Amino acid sequence: MMPSLITSDFTPAGSTLSGLVGNTPLLRVSRPFASSDRGFWAKLEGFNPGGIKDRPGLHMVERARARGELLPGRPIVESTSGTLGLGLALAGMVHGHPVTLVTDPGLEASMTRLLAAYGATVDMVAEPHPVGGWQQARRDRVTELLAAYPGSWCPDQYSNPDNVAAYTPLALELASQVGHIDVLVCSVGTGGHSAGISRVLRQLYPELRLVGVDTVGSTIFGQPARPRLMRGLGSSIYPRNVAYGHFSEVHWVAPGESVWACRQLAASHYATGGWSVGAVALAAGWLARTLPPETRIVAVFPDGPQRYLETVYDDGYCAEHGLLGGEPASEPDVVDRPDEKEVTRWTRCTEITDPLALMAETAGAEGGAR
């Protein structure tokens, strides 16, 4: 009898649920964002089971369990616009925790169904907070649920340092795959991956420039809060994980500009993603066109296109929201300060300040003048 080539005690590397996360591929992106002799490297985090936030979803849960903050079998409750929800659903499955995700009506119907299929309970808030928008409304609901569920735990992705630390492996993957890196381009929402990756890479490459990419209508870098179509980047609050001191510049991108970039990526590179991916590609392409040819640029693509088939890749949705206006400008508008004017199109600024610190400084100055 011939022996079996596969034995029952054989476990291939990476075959566990958590082993599916990480070691994502790189793609060289050039035309139509830059000429064929220029371009940037895209880190395709959409190759994780749920996207880039599988990394902090697992890490935050594992650290909370190790510290005794999250006891076995106790509920996890968190606010999410979608991607972290997938990561927490994965972590809940791996470690045996029920997961309740508080979201809002802007979440795609397909994502709601997918999160439920993965065993999460989806709790939908009905009205935005008058000041903090949907994000603050979700956070207020999280507070209510934590009081209602004894022993429950919230990761608080906006200020949890474990969210930042979760991206150390991603930074080391980039260093191994690319070698020297001159410029890192990241979308900014909670601030976790831009802070976590740049912190590690700066130790290896002290001259590294970090370029943040935000959405119009986001408060993160000092613009006024407005209703936003783009999910996954931007904020109506001021996340404390944003490492303002790390950034060399910020680009704000409008939804139609991101849609154009997403669709160009799909048509030219058979790789694309959602709002964050389009916005990051637009900024990274401009950097590749304008910086010296030898500059090594890496852009982080947080997810793939799957959850955006009803929005970014739906002609009806895009037409309804006026997002099919053609190719964006070849270069960004420029402002000297984030509060110089309200931006409505792709705009760049090299003066980076923490809005909360600026508010405190202004309040102190006014108090001293009384």
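The protein chain exposes about 16,100 Å² of surface, and carbon and sulfur atoms supply 54% of that area. The structure is a predicted model, and its protein chain has eleven helices and eleven strands. Buried residues make up 52% of the 370 residues in the chain.

**Overall form**

- A compact globule of 370 residues would have a radius of gyration near 21 Å, and the protein chain agrees with this because its own value is 21 Å.
- The C-alpha trace spans about 75 × 60 × 45 Å along its principal axes.
- Among contacts between residues at least 6 apart in sequence, 70% join residues at least 24 apart.

**The nonpolar cores**

- In soluble globular proteins, nonpolar side chains tend to be buried together.
- The largest nonpolar core in this chain has 39 residues. Those with the most contacts inside this core are Phe33, Phe40, Val185, Trp275, Leu287, Ile297 and Phe301.
- Several strands give two or more residues to this core, namely E2 (40-44), E6 (183-187), E7 (209-215) and E9 (297-301). The helices that do so are H8 (255-269), H9 (275-290) and H10 (315-320).
- Helix H9 gives the most to this core, with eleven residues.
- Another core, of 32 residues, lies apart from the largest one, and its members include Ile52, Leu170, Leu184 and Ile220.

**Phe40 and its surroundings**

- Phe40 is one of the residues with the most contacts inside the largest core.
- Leaving aside neighbours within four places in sequence, Phe40 is in contact with residues that include Leu27, Arg28, Val29 and Phe33.
- Phe40 is also in contact with Ala281, Ala284 and Gly285, as well as with Ile297, Ala299 and Phe301.

**Backbone features in loops**

- A cis peptide bond, with omega of about 5°, joins Arg31 and Pro32. Pro32 is located in the loop between strand E1 (26-29) and strand E2.
- Asp156 has a positive phi of about 50°, although this residue is not a glycine. Asp156 belongs to the loop between helix H4 (133-148) and helix H5 (161-165).
- Asp156 counts as partly exposed because its relative accessibility is 24%, a value between the limits of 20% and 50%.
- Tyr270 likewise is not a glycine and has a positive phi of about 50°. Tyr270 is placed in the loop between helices H8 and H9.
- Tyr270 has a relative accessible area of 82%, so this residue is exposed; the term applies to values over 50%.

**Gly217, a buried loop residue**

- Gly217 lies in the loop between strand E7 and strand E8 (247-253).
- The relative accessible area of Gly217 is 7%, and therefore this residue is buried; the term applies to values under 20%.
- Not counting residues up to four places away in sequence, Gly217 touches Pro224, Ala225, Arg226, Arg228 and Ser235.
- Gly217 and Thr344 are 127 residues apart in sequence, while their C-alpha atoms are 7.9 Å apart in space.

Conventions:
Residues numbered from 1 in each chain as written. Predicted model: local features only at pLDDT ≥ 70, side-chain atom pairs only at ≥ 80, totals over all residues. Heavy atoms only, no water. Helix = DSSP H or I, 4+ residues; strand = E, 2+ residues; numbered from the N terminus. Rg over C-alpha atoms; globule rule 2.2 N^0.38 Å. Buried < 20%, exposed > 50% of the residue type's maximum accessible area, 1.4 Å probe, protein only. Contact = heavy atoms within 4.5 Å. Areas by Shrake-Rupley, 256 points an atom, 1.4 Å probe, with all protein chains shown as cover. Core = buried A, V, L, I, M, F, W, Y, C linked by side-chain atoms within 4.5 Å.
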